[in-house]
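Open the model in your viewer and keep the selection tool ready. This tour goes stop by stop.

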Amino acid sequence: MAVHVPRRATWIILCQFLLALVAGEWNTKDYQRREHSLVKPYQGSGMGVPQWDFMGSTMVTNNYIRLTPDRQSKIGAIWNNVPCFVPNWEIHIQFKVHGSGKTLFGDGFAVWYTKERMKIGNVFGNADPFTGLAIFMDTYSNHNGPHNHNHPYISAMLNNGSLTYDHDTDGTHTQLSGCEAQFRNKDYDTYVSIRYERNTLTVSTDIDNKSGWKDCFSVSGIKLPVGYYFGVSAATGDLADNHDVMSVKFYELDDDDSSPKAPLYTGLPEASAMEAPRDRVDDNKGSYLLGNLTGWKLLVIIILLVIGVGVCFMVGIIIFQKQQENSRKRFY
Ligand SMILES: *[C@@H]1O[C@H](CO)[C@@H](O)[C@H](O)[C@H]1NC(C)=O
Ligand SMILES: *[C@@H]1O[C@H](CO)[C@@H](O)[C@H](O)[C@H]1NC(C)=O
Ligand SMILES: [Ca+2]
């Protein structure tokens, strides 16, 4: 009997390995990092929220963190106080922008990955210029000129400290890319995802109550250094809105590249090309699970699955036959 157990264990381990291989492809979002995340309950044992600092009008309740209330001239922000040394990452922010204004509301909020932190300024509550990446969730259109687009509008800006954000043009002249997104005054949960993987920045939204990511834009040739900080800030001016954050979930992405790890980039943020403002990419990719699987990847997974099942089946038969032989040897 003792002989059979390790064999069966080998078989089980092999199957588990194959399953893990397949499952690994399906679930690249396994590595949530708590030090860059902010989830309920926000308050730890003490008064503060671990790893996060708050400023301005920010108010913490049991169910949300309100960066600004629906009142004029407010600025609020939350800042992670742990620098990020993960080279490839994805961050999901559950937010709610809502208020009494039917046609007039603003100004919006921004998600930051910057060298500086806790600096109040006039770019959605944060300092200008900044060094790093900004994702603007702009709800108010200040602009009627060329590159005009509907609001709310999501855009990205990369800065090495030399550019200033121009409110009068809603930042269109410095944006990497952007898309329109109706994320305001929704009765269901709304999310934005920012993914930075191998120098490609991808922003997606889940704002249609479909539990699936929809591409906003993707830009390659982006270099972001490690060691910067994540933050979210919001501002109201003459116009106002409640800008609430429910959660920030940070995921370390698996680098499935088998080549030796490149040294971590520590230079200034760089974009190989600044794209002209583009039309909305209306590409709904369905479920979370299938969201990142393009055709050939799905094919590879199916082939792996078929091979995996086949191998398990064969190994099973061999073990079964061996067992039969052994039993025969023993009993006859
Ligand atoms: C900063 O960015 C600007 C514009 O994108 C560029 O002209 C400048 O050379 C950059 N500076 C450094 C030090 O990389
Ligand atoms: C959002 O979706 C859920 C589940 O499908 C549904 O129960 C709910 O009524 C939807 N909410 C709105 C406001 O459409
Ligand atoms: Ca604006």
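Select C84 to begin. C84 is buried, with a relative accessible area of 0%. Here buried means under 20% relative accessible area, exposed means over 50%, and partly exposed is in between (1.4 Å probe, protein chains only).

Some ground rules before moving on. This is a predicted model, in which local features need pLDDT of at least 70 and side-chain atom pairs count only at pLDDT 80 or more, while totals for chains, interfaces and linings use all residues. Residues are numbered from 1 along each chain as its sequence is written, chains are lettered from A and ligands numbered from 1 in the order in which they are written, and side-chain values use heavy atoms, with hydrogens and water left out.

**Stop: the disulfide**

Now select C179 and C216. They form a disulfide, with their sulfur atoms 2.0 Å apart. A disulfide is a pair of cysteine sulfur atoms within 2.5 Å. By this rule the count is one disulfide. C179 lies in strand β11 and C216 in strand β14 (residues 214–219), so the pair ties together parts that are 37 residues apart in sequence. Strands are DSSP runs of E, at least two residues, and helices are runs of H or I, at least four residues, numbered from the N terminus. Look along the S-S bond: its torsion is about -110 degrees, so the disulfide is left-handed. Both C179 and C216 are buried.

Y140 is partly exposed, at 30% relative accessible area. D170 is buried, at 2%.

**Stop: ligand 2**

Select ligand 2. Around it are D187, Y188 and N209, each with a heavy atom within 4 Å of it. An oxygen atom of ligand 2 is 2.3 Å from an N or O atom in the side chain of N209. The protein covers 28% of the 360 Å² of accessible area that ligand 2 has on its own, by the Shrake-Rupley method with a 1.4 Å probe.

**Last stop: residues 298–320**

Select residues 298–320. An unreviewed UniProt entry annotates them as "transmembrane region"; such annotations may be inferred rather than shown by experiment. Here the chain is 100% helix and 0% strand, with the end C-alpha atoms 32 Å apart.

How values were computed. A polar contact is a pair of N or O atoms within 3.5 Å; within protein, one must be able to donate a hydrogen and the other to accept it, and residues adjacent in sequence count only if both atoms are side-chain atoms.
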